[in-house]
Amino acid sequence: MATLKYSRQREVIKEYLASTKEHPTADTVYMHVKEEFPNISLGTVYRNLSLLTDLGEVLKITTDGADRFDARVTPHHHFACRQCGRVMDIMIPVENPVDSVNARWGDGEIEECRMLFYGICSDCKKMKN
């Protein structure tokens, strides 16, 4: 594989994602990176997010809305609020079914499982009451 050329724009995208606990959309990443690179295009942000995802340096979280991005690539799960759309990390142990599914399923080998839980976040729940 060819060596990937260094890109300051890509580095700033990674730095922004690493600096936030939010799980921003590509549009949100674009708005923040644009502060440092006023001439950057949304397409460049999308291409770099795609590349970083392919390289395993960023997670892409597909929700009912726009895709979200996360710099935390260690195994963990996510929660998406159906009311406000916020995506949050779930850092409590949740049993991963990969081993038991692989033991019962003979059509290949599952390498990872990412769970996305849906519900109402505590902020939205408080506003509802």
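In which hand does α2 pass α3 in their crossing? The views below are taken from a predicted model.

**View 1. The crossing of helices α2 and α3.** Helix α2 passes helix α3 in a right-handed crossing. Helix α2 covers residues 26-36 and helix α3 covers residues 42-54. Their axes come within 9 Å and cross at roughly 115°. On the α2 side, the residues in contact are Ala26, Asp27, Val29 and Tyr30. Helix α3 contributes Leu42, Val45, Tyr46 and Leu49. Seven of the residues in this contact are nonpolar, one is charged, and none is polar.

**View 2. His76 in the loop between β2 and β3.** The loop that holds His76 lies between strand β2 (68-70) and strand β3 (77-81). His76 counts as buried because its relative accessibility is 8%. Its side chain takes part in a polar contact of 2.9 Å with the side chain of Asp70. A polar contact of 3.1 Å links the side chains of His76 and His78. Leaving out residues up to four places away in sequence, His76 touches Leu59, Asp70, Asp89, Ile90 and Met91.

**View 3. Arg86 in the loop between β3 and β4.** Arg86 is located in the loop that lies between β3 and β4 (87-90). With a relative accessibility of 29%, Arg86 counts as partly exposed. The side chains of Arg86 and Asp123 are joined by a polar contact of 3.3 Å. Apart from neighbours within four places in sequence, Arg86 is in contact with Glu22, Arg68, Phe79, Ala80, Cys81 and Asp123. Ile13 is 73 residues from Arg86 in sequence, and the C-alpha to C-alpha separation of Arg86 and Ile13 is 20 Å.

**View 4. Cysteines without disulfides.** The structure contains zero disulfides. Cys84 is in no disulfide, and the nearest cysteine sulfur, that of Cys81, is 3.7 Å away. Cys84 has a relative accessibility of 44% and therefore counts as partly exposed. Cys121 counts as buried, with a relative accessibility of 3%.

Notes
Residues are numbered from 1 along each chain as its sequence is written. This is a predicted model: local features need pLDDT of at least 70, side-chain atom pairs count only at pLDDT 80 or more; totals for chains, interfaces and linings use all residues. Side-chain values use heavy atoms; hydrogens and water are left out. A disulfide is a pair of cysteine sulfur atoms within 2.5 Å. Buried means under 20% relative accessible area, exposed over 50%, partly exposed in between (1.4 Å probe, protein chains only). Axes are lines fitted to C-alpha atoms, for helices over the stretch in contact, and angles run from 0 to 180 degrees between N-to-C directions. Helices (H or I, at least four residues) and strands (E, at least two) are DSSP runs, numbered from the N terminus. A crossing is left-handed if the near helix is turned anticlockwise from the far one by less than a right angle, and right-handed if clockwise. Contact means heavy atoms within 4.5 Å. Ala, Val, Leu, Ile, Met, Phe, Trp, Tyr, Cys and Pro count as nonpolar, Asp, Glu, Lys and Arg as charged, and the others, Gly among them, as polar. A polar contact is a pair of N or O atoms within 3.5 Å; within protein, one must be able to donate a hydrogen and the other to accept it, and residues adjacent in sequence count only if both atoms are side-chain atoms.
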